[in-house]
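Before us is a model to be read feature by feature.

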Amino acid sequence: MHPRLTISLLGVSFLAYSFSIYLQPTLDTATPANETNLTAEGRLVWQKYNCQSCHQLYGLGGYLGPDLTNVMSAPNKGVPLLRALLKAPTPPMPVYNLSETETDALVAFLTAMDASGSSSPKNFTILPTGMIQPK
């Protein structure tokens, strides 16, 4: 096959695929009823800094850091430890230099996760957004 024809076919395929994506309906990104504004901001902080690449919620996520589903109610943990680790993390966690607002939001998000209980990921449906909900 001629190289120009190959490039042209790939270009047309890319444009057709891109156009088809924009024709699909958007995902429902409505905030869950029990989620406050601060909790929602904390979820965005969690996603912005890609925390799930190292940490888990409900057993889903990375394995480098601990599962944070119930860290807020765990003995000798909670808000003071979380705030301290966010300001001066231990290796291999990177220093993110979170603002006080981002820290407050992340604390609210992890507090909401803790209040939701603990469960096996098998009991949840994974949404297209990467979040989970009970089956």
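The dialogue below takes up the fold, a pocket, a surface patch and the backbone in turn.

Q: How many helices and strands does the protein chain have, and which pattern do they follow along the sequence?
A: The model is a predicted one. Its protein chain has four helices and four strands, and their order along the sequence is α-α-β-β-α-α-β-β. Of the 135 residues in the chain, 27% are buried.

Q: Which helices supply the lining of the second largest pocket, and what is its make-up by class?
A: Helix 2 (37–48), helix 3 (79–87) and helix 4 (100–115) each supply at least two residues. Helix 3 gives the most, with four residues. By class, the lining has 23 nonpolar, six polar and two charged residues.

Q: Which residues form a nonpolar patch on the surface?
A: Tyr 17, Ile 21 and Tyr 22 form such a patch, and together they have about 410 Å² of accessible area. Ile 21 belongs to helix 1 (residues 3–23). Ile 21 counts as partly exposed because its relative accessibility is 37%, which falls between the limits of 20% and 50%.

Q: What is to be looked for in the backbone angles?
A: Most residues other than glycine have a negative phi, and most peptide bonds are trans. In this model, Tyr 58 has a positive phi, near 55°, and Asn 97 has a positive phi, near 50°. A cis peptide bond joins Pro 91 and Pro 92, with omega about 10°.

Q: Where do Tyr 58 and Asn 97 lie, and is each buried or exposed?
A: Tyr 58 is in the loop between strand 1 and strand 2 (60–61), and at 7% relative accessibility it counts as buried. Asn 97 is in the loop between helix 3 and helix 4, and with a relative accessible area of 63% it is exposed. Pro 92 is also found in the loop between helix 3 and helix 4.

Q: What separates the C-alpha atoms of Cys 54 and Gly 65?
A: These two residues are eleven residues apart along the chain, and their C-alpha atoms are separated by 5.1 Å. Cys 54 lies in the loop between helix 2 and strand 1 (56–57), and at 26% relative accessibility Cys 54 counts as partly exposed.

Note on methods: Residues numbered from 1 in each chain as written. Predicted model: local features only at pLDDT ≥ 70, side-chain atom pairs only at ≥ 80, totals over all residues. Heavy atoms only, no water. Nonpolar A, V, L, I, M, F, W, Y, C, P; charged D, E, K, R; others polar. Patch = residues over 30% accessible without salt bridge, like charges linked within 9 Å, V, L, I, M, F, W, Y side chains within 5 Å. Areas by Shrake-Rupley, 256 points an atom, 1.4 Å probe, with all protein chains shown as cover. Salt bridge = Lys/Arg side-chain N within 4 Å of Asp/Glu carboxyl O. Buried < 20%, exposed > 50% of the residue type's maximum accessible area, 1.4 Å probe, protein only.
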